[in-house]
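User: I have a new model open and would like to learn how to read its features. Could you walk me through them, starting with pockets?

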Amino acid sequence: MAFEKLSNSIDELNDNVKAFTHSNAEYYKLLIFKQTSRTAISLVKFLIVAFSLSTALAFVSLGIAFAISAALEEPSSGFFIVGGFYLILIVLFVIFGKKPLTKFMLKKFSREIFNEEN
């Protein structure tokens with residue numbers, strides 16, 4: 001009789017461990033799905049905003065280049081000036097922009113991934 005109870009207890013323990021393992025695996029699947037979804041949504045939003053801003057910047061740059069060209073009465077001078085301005089910005093970004101960009105991106109993605117409130 002005691003051996004039978006012990007055997008039943010061991011069987012129940014085995015079933016409980018299997019159920020716990022399955023529940024734990026399902027929980028981590030959902031957690032990974034949640035974090036991956038948040039990251040993907042953030043990436044898509046970023047790409048949409050970046051595309052929109054770059055399109056707007058292109059049109060504004062063209063307008064400024066045409067305006068400078070008209071003011072200087074040289075057809076290509078405005079485009080060279082605007083192009084030179086962007087080259088200076090790129091050089092400054094390469095020299096000084098890596099640390100702030102890395103810091104910003106780490107903070108942003110850390111908030112998205114580890115924020116458990118939502």
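Analyst: Happy to! Here, a pocket is an open set of grid points with protein on both sides within 12 Å along at least five of seven lines, and its lining residues have an atom within 4 Å of a point. Keep in mind as we go that this is a predicted model.

User: Which residues line the largest pocket?

Analyst: The lining consists of Ser42, Leu43, Lys45, Phe46, Val49, Phe104, Met105, Lys108, Phe109 and Glu112. Both α1 (2-72) and α3 (98-114) give at least two residues each to that lining. The space in this largest pocket comes to about 200 Å³.

User: How many of the lining residues are nonpolar, polar and charged?

Analyst: Six are nonpolar, one is polar and three are charged.

User: Which residues of α2 are buried, and where do they sit around the axis?

Analyst: Buried means under 20% relative accessible area, and exposed means over 50%. In α2 the buried residues are Ser77, Gly78 and Val82. They lie on the same side of the helix, because the arc they cover around the axis is only 140°. The other side of α2 carries exposed residues: Phe80, Leu87, Ile90, Val94 and Ile95.

User: How many salt bridges does the structure hold, and which side chains meet?

Analyst: The structure holds one salt bridge. In that salt bridge the side chains of Glu26 and Lys29 meet, at 3.4 Å from N to O. Glu26 and Lys29 are about one helical turn apart, because they are three residues apart in helix α1.

User: Now for backbone angles. What is the phi of Glu73?

Analyst: As a rule, most residues other than glycine have a negative phi. Glu73 is not a glycine, yet its phi is positive, at about 60°. You will find Glu73 in the loop between α1 and α2, where it is exposed with a relative accessible area of 69%.

User: How do I compare separation in sequence with separation in space?

Analyst: Glu73 and Val44 are 29 residues apart in sequence, and their C-alpha atoms are 43 Å apart. Ala65 and Ser77 are 12 residues apart in sequence, with 7.9 Å between their C-alpha atoms. Ala65 belongs to helix α1 and is buried, at a relative accessible area of 2%.

User: Where is Pro75, and how far is it from Ala65?

Analyst: Pro75 is in the loop between α1 and α2, and at 67% relative accessibility it counts as exposed. Pro75 and Ala65 are 10 residues apart in sequence and 9.3 Å apart from C-alpha to C-alpha.

Definitions and conventions. Residues numbered from 1 in each chain as written. Predicted model: local features only at pLDDT ≥ 70, side-chain atom pairs only at ≥ 80, totals over all residues. Heavy atoms only, no water. 1 Å grid on protein atoms, 1.4 Å probe; cavity = no way out; pocket = protein on both sides within 12 Å on 5 of 7 lines; lining within 4 Å. Points joined across faces, edges and corners; volume = space filled by probe spheres on them. Helix = DSSP H or I, 4+ residues; strand = E, 2+ residues; numbered from the N terminus. Nonpolar A, V, L, I, M, F, W, Y, C, P; charged D, E, K, R; others polar. Buried < 20%, exposed > 50% of the residue type's maximum accessible area, 1.4 Å probe, protein only. Arc of directions from axis to C-beta. Salt bridge = Lys/Arg side-chain N within 4 Å of Asp/Glu carboxyl O.
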